[in-house]
Amino acid sequence: MRPGVRLALAVILVLVLGGLAYGGYLLVRPPVSTVGHVRFDRPLRIPPLAPSTVDPKGVRTFTLEAGAGVSDFGRGRTPTWGYNGAYLGPTLRVRQGEPVQVDIHNGLKEQTTVHWHGMHLPAKADGGPFAAIRPGGTATAAWTVNQPAATLWYHPHPDGRTEEQVYRGLAGMVIVDGPGSGPDPALPSGYGVDDVPVIVQDKGFTDGGEFTIPNQLGGTLGILGDTLLVNGTIGPYHDVTTQLVRLRLLNASTARSYSFGFSDGRAFDLVGTDGGLLSAPYRTDRVAVSVGERAEIVVAMRPGERVVLRSYPPNPDSGTVVRQFQGGADAFDVLQLRAAATLKPSPPVPAKLTDVPRLDPAGAVPRTFELGGRAINGQKMAMNRVDVVAVKDVTERWTVRNTDFMQHNFHVHGTRFQIASKNGRPPPPPLSGWKDTINLQPGEEMDLLVRFVDYADPTTPYMYHCHLLKHEDSGMMGQVVVVEPGQQAQLAHHHPH
Ligand code: C2O
Ligand code: CU
Ligand code: CU
């Protein structure tokens, strides 16, 4: 053998052995846990409320600029992306019934879009992959808010680049208030005081302070970090001045699921999920929030005490893949609540929160969606293919099945749905309100009642997809076009703005 060949073989051998050793390590490595190790020495950053103007016609206009910047999370200078700032974006607050407009500017060096996750709006305003905004370009999204109070969010949705853009920091919260003049009076409603956005994201940091983008197993499972940022704060505390606090939990991570509870195991009230308030508060000590989902909880505090919002292992009993590669056994200390010595009284959580009218499953149009192999029904996303044509105002029953050995999510744009059944049984209370995103462990199945109301547009699709962003980017997504009865779908060709 020539020396060159021998060297090459030796290098290959080392790489193969190294790969096997690394794979073996991943299979046996202990779970990540920051429980007991977080210092809680920084006040929780509260994203500012986005300023807006209201024109004589009553249209409320916001401006968002996506751009790059540098953030100081306490780990050095971290290059980050954000909207109207270096990291994350302002909270947009809108009211049911109000016409809104968002003027978007792309200050990045690559294409982006802004998608309104959970918002019921025309497909043209939805910000899917077809709505690419070129670097330096602008776009406008306009719609009338036409849904009840809820916690929603916005984030980029460009073809194949969503994971990285969100990971670098592009995301923000949207709060929809119910009709009327004030915020919901019955629940804690002081923004950043007793009604607190809690945007949870996991990151890895290099020694130099940059975000790491670990490439596990060729990067097919997605990014899992060992450090939490909450609203862009590492190790945050929040000073509580009232007896009750509402936390609007948003999982804006790229791959990680959480199971939120408190360090002392106290119970709290789950009052809202993705699409709005539950009909009644649900008393529990844990709430599961997978990527893209939201949960609104109300927790009672005693004067002078400190308690930690924790994420317990979300799927400790799942199979090896979920436990070792999808963070199923990982745990985090998230946010410390510090109660003042005296607390202002809060009105009690009402026993009834809202009406959740049930969609009628009789005669619903059946469809099946199998999640597996980074595809839906065996197909990868194609921007020029319509996968589903739904008729406006007609209820459909979507059976979504995870046939894979890893967990997946399922999110639908443009609408809110109800869960008719989970694994053949009626949904548990946390899944019985309005939803737009669900998590499916291997082998699980849910039946969703989906109804696209108000807006038909035969030329422009809504998306449905796995919200584990690596999976979404690699094609685990499909397109649904909503038409009037008798209409044909005919996708328009969209060009970057
Ligand atoms: Cu949160 Cu299609 O997205
Ligand atoms: Cu969405
Ligand atoms: Cu997935």
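The points below cover the metal sites, the sheets and the side-chain packing, one topic at a time.

1. A caveat before anything else: this is a predicted model.

2. Let's start with the copper ion listed as ligand 2. Its donors are the NE2 atoms of His115 and His411, at 1.9 Å. These two come from distant parts of the chain, with histidine 115 in strand β7 (residues 115-117) and histidine 411 in strand β27 (residues 408-412), 296 residues apart. Are the two histidines buried or exposed? Histidine 115 is buried, at a relative accessible area of 0%, and histidine 411 is also buried, at 0%.

3. Next, the copper ion listed as ligand 3. Here the donors are ND1 of His408, SG of Cys466 and ND1 of His471, at distances of 1.9 to 2.1 Å. If you want a pattern to search for, the donors are spaced H-x57-C-x4-H along the chain. Cysteine 466 and histidine 471 are both buried.

4. Now the sheet that holds β7. It is an open sheet of four strands, ordered β5-β10-β9-β7, and the pairing is mixed. β5 (92-95) and β7 are the edge strands; each has a single partner, so one side of each has no neighbour in the sheet. From one strand to the next, the twist averages 25 degrees. β7 and β9 (residues 150-155) run antiparallel and are joined by three bridges. Which residue in β9 is the bridge partner of histidine 117? That would be tryptophan 153.

5. The other sheet to look at contains β27. This one is an open sheet of five strands in the order β25-β32-β31-β27-β29, again with mixed pairing. Its edges are β25 (388-391) and β29 (437-440), each with a single partner strand, so one side of each is left without a neighbour in the sheet. The average twist between one strand and the next is 25 degrees.

6. What about the faces of β29? Both are covered: Thr437 and Asn439 are buried on one side, Ile438 and Leu440 on the other.

7. On to the aromatics, where the model has 20 aromatic pairs. Tyrosine 258 and phenylalanine 260 make a stacked pair, because their planes are at 25 degrees, with ring centres 5.4 Å apart. Tyrosine 258 and phenylalanine 260 are both buried. For a contrasting geometry, take phenylalanine 369 and tyrosine 464, which pair edge-to-face at 5.0 Å centre to centre, with 75 degrees between the planes. Phenylalanine 369 belongs to strand β23 (residues 365-372) and tyrosine 464 to strand β31 (residues 462-465), so this pair ties together parts 95 residues apart in sequence. Both of these residues, phenylalanine 369 and tyrosine 464, are buried as well.

8. Phe369, Trp398, Phe410, Phe452, Tyr462 and Tyr464 form one aromatic cluster.

9. Arginine 338 has its charged end over the ring of tyrosine 237, 3.6 Å from the ring centre. Arginine 416 does likewise with the ring of tryptophan 434, its charged end 4.0 Å from the centre.

10. Last, a glycine. Where does glycine 475 sit? In the loop between α4 (469-473) and β32 (477-483). Glycine 475 counts as buried because its relative accessibility is 7%, against a cut-off of under 20%. Leaving aside neighbours within four places in sequence, glycine 475 is in contact with Arg374, Gln379, Lys380 and Met381.

Note on methods:
Residues numbered from 1 in each chain as written. Chains lettered and ligands numbered in written order. Predicted model: local features only at pLDDT ≥ 70, side-chain atom pairs only at ≥ 80, totals over all residues. Heavy atoms only, no water. Donors = N, O, S within 2.8 Å, 3.2 Å for Na, K, Ca; no water. Buried < 20%, exposed > 50% of the residue type's maximum accessible area, 1.4 Å probe, protein only. Contact = heavy atoms within 4.5 Å. Pairing = 2+ DSSP bridges. Axes fitted to C-alpha atoms, helices over the stretch in contact; angles between N-to-C directions. Phe/Tyr/Trp six-rings, centres within 6.5 Å; stacked < 30°, edge-to-face > 60°. Lys NZ or Arg CZ within 6 Å of the ring centre and 35° of its normal.
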